[in-house]
Amino acid sequence: MSCVHKNVAKWHLFHTEANLFRRVRTVKDPESSHRPIEEDEDEDEENAQYPPEGNILRQMLTYIFEHKKIPTVLPPDKLRPDKYPEQLFPSELFCMECPAGTPLSEAVLITSKAKILTVTNVIEGISTYRRNCHRCGMIYRYQEWTDGVHNFDDHILISHHLSLYLRNSLQTHQAVGSAIEVLQETSGKQFPSKQRMLQAYLSFEALTEHTYNYSCVSCDHHPSTVIMDLHKKGVFNMPVSSIEDPPPEFQGRVSATTFWDMVSLEMLSRGLVPSNRSNPFVVPPSFHNWAPWVGPHTRASDDILNTEYCKVMPAHPPTGGEFNITEDRLIDELLKLKTSGIDHRGSRMDLVLRLQKEMKSRATYDKVFSKIWGASGGWAVVTCPCGIIYGVKFNLRAESPRDFTDILMSMAHLPNVCLYDFARGLASHANGRQPLTFSPNEGRLLPSTEENVKGALEGRARVSLPWLLTKKAVPDKDGHPVTGSSEHYALYDRFHESNTKDPRDSLRKVELVPELRGWVNSQCAEQLFSGMRKKQPLPQHDVSLDPCLFNEEYTSHI
Ligand SMILES: [Zn+2]
Ligand SMILES: [Zn+2]
Ligand SMILES: [Zn+2]
């Protein structure tokens, strides 16, 4: 008791909250009551900073992350227990980091005003406790899953049932905010702020053990056909200067496990770092530590490609393909634009033409682009035809075929058919990085002879790819495991076909393939994409990857 202010505060608290000072002796373990209690122990316990900072904070977070995982499938009685405990003690009685048998302190009350949030209720007056190790300084708090609750920050505990409710809300594209509003209205109780609720829920997700077995029933871990699309909901404003340059030795590969563990630790840390303190666990967007997500069974190795820095590094000038796609995309956007910050003089088409002229330089382009989309480039999403997500890349800069190529080249088996709205750019970029990635015919369905182009333009040409339906009896060398074929095509989905100017692009029309026509015929692929996504739940383990969610997440602290 060194500080006057602390003394005054305690004196005041003693009058208003006497139970805060009640010492709780635990009786669960007979051994703990045998150990001698030293005289100066009280001082230590009360003075140990909580929540901790620095090394102890890191030690605590790492311990929780490694040892307190919540199982993927929760038994029903843990999901909605009849009763929740009112006193929540850490389960540890001995320090897990020190030599065996190093006892922890007695339980110290953190608060007696914690709340357990459930789908129907807010249970108040819950007490949470911690125990300290005198030897190493480690602090243990209540972090069990077996009582049906997840301890977020010792003050807010969220029932597993509520976490699953929020997960399902997000998976059906309902914002956490509105889900909470519904709960509030129904229960008549006040819930914490939307932001805090989201953080509490994400910390539950960060601790949840993931099976990583999720994949599409029909496509398994290695889809033979994929659709690539840009999800623009994830776009936010990020000044160019806020992203540091990668170290010179960076080769464009990021360890997926390390990166995603860091993201999980950040989510957990929100429960131990007060919001007014700077959080050392925040993962700042950077070119060298920013991994796309590709499922563990789908990716070739833990090292995933992210070569986005090539878009901005002067040493790596963008290829023609890279420039064109974004330009095409931009024009497309402009034509659809209803209102914008850009001065509307003359018709929309005039504006597009004017911009096209002005966009000769990358710099002007970037400027215009960031005005329209914000500085980041949205989410590059790779799905199978059924709408299941196999790869996601959160672009820090304007999208280009590079982003999709990063995902494709991180996969163990390159899909046979890639549908994209700038197929030509994808094929030329990918083949520029690794010759013959898309082949035969540079990923076109037929050699680009005059006759073939004519046939395709007139709608006469047909290219059957029977192995999409039935695996080749004699698989090609290095053939795809599902189809047995080693052919790789970059094709246009129907919707964006009109965007192409090169007549040879007609040899990339998905309609030429009878096996693929069935599901792209009636609707445009983009509609199909969004429709499917609504029906198909996101992979269970990567709910935090939902663009809407991540958007909320990252706008909150950037
Ligand atoms: Zn210890
Ligand atoms: Zn599928
Ligand atoms: Zn979404």
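Student: What meets what between α14 and α15?

Tutor: In this predicted model, P401, R402, F404, T405, D406, L408 and M409 of α14 are in contact with G425, L426, H429, A430 and R433 of α15. By class, these residues divide into six nonpolar, three polar and three charged.

Student: Why are α4 and α9 called roughly perpendicular?

Tutor: Their packing angle is about 115 degrees, with axes 10 Å apart. Roughly perpendicular covers 65 to 115 degrees, and α4 and α9 are therefore placed in that class. Their crossing, too, is right-handed.

Student: Which residues of α4 and α9 meet?

Tutor: On the α4 side they are L61, I64 and F65, and on the α9 side D261, S264, L265, L268 and S269. The contact of α4 with α9 comprises five nonpolar residues, two polar and one charged.

Student: Why is α6 oblique to α7?

Tutor: Helix α6 (residues 160-171) and helix α7 (residues 176-187) pack at about 130 degrees, their axes being 9 Å apart. That makes α6 oblique to α7, because roughly perpendicular ends at 115 degrees and roughly antiparallel needs over 145. The crossing of α6 and α7 is right-handed.

Student: How do you know which residues are protein donors of the zinc ion (ligand 1)?

Tutor: The SG atoms of C95, C98, C133 and C136 lie 2.2 to 2.3 Å from the zinc ion. A donor has to be an N, O or S atom within 2.8 Å of this metal, so these four SG atoms qualify as donors.

Student: What makes the arrangement around the zinc ion tetrahedral?

Tutor: The four donor atoms subtend angles of 107 to 113 degrees at the zinc ion. The class asks that all angles lie between 85 and 135 degrees, and the arrangement is therefore tetrahedral. For reference, the ideal angle for four tetrahedral donors is 109.5 degrees.

Student: How are the donor residues of the zinc ion spaced in sequence?

Tutor: The spacing is C-x2-C-x34-C-x2-C.

Student: Which omega goes with the cis peptide bond from Y50 to P51, and where is P51?

Tutor: Omega is near -10 degrees for that bond. P51 sits in the loop between α3 (41-47) and α4 (54-67).

Student: What is the omega of the cis peptide bond that joins S439 and P440?

Tutor: For S439 and P440, omega is about 5 degrees. P440 belongs to the loop between α15 (423-433) and α16 (450-457).

Methods. Residues are numbered from 1 along each chain as its sequence is written. Chains are lettered from A and ligands numbered from 1 in the order in which they are written. This is a predicted model: local features need pLDDT of at least 70, side-chain atom pairs count only at pLDDT 80 or more; totals for chains, interfaces and linings use all residues. Side-chain values use heavy atoms; hydrogens and water are left out. Axes are lines fitted to C-alpha atoms, for helices over the stretch in contact, and angles run from 0 to 180 degrees between N-to-C directions. Helices (H or I, at least four residues) and strands (E, at least two) are DSSP runs, numbered from the N terminus. Angles under 35 degrees count as roughly parallel, over 145 as roughly antiparallel, 65 to 115 as roughly perpendicular and the rest as oblique. A crossing is left-handed if the near helix is turned anticlockwise from the far one by less than a right angle, and right-handed if clockwise. Donors are N, O and S atoms within 2.8 Å of the metal (3.2 Å for Na, K and Ca); water is not among the atoms, so sites may look incomplete. Four donors count as tetrahedral if all angles lie between 85 and 135 degrees; four count as square planar and six as octahedral if opposite donors are over 155 degrees apart and all others between 65 and 115; anything else is irregular. Contact means heavy atoms within 4.5 Å. Ala, Val, Leu, Ile, Met, Phe, Trp, Tyr, Cys and Pro count as nonpolar, Asp, Glu, Lys and Arg as charged, and the others, Gly among them, as polar.
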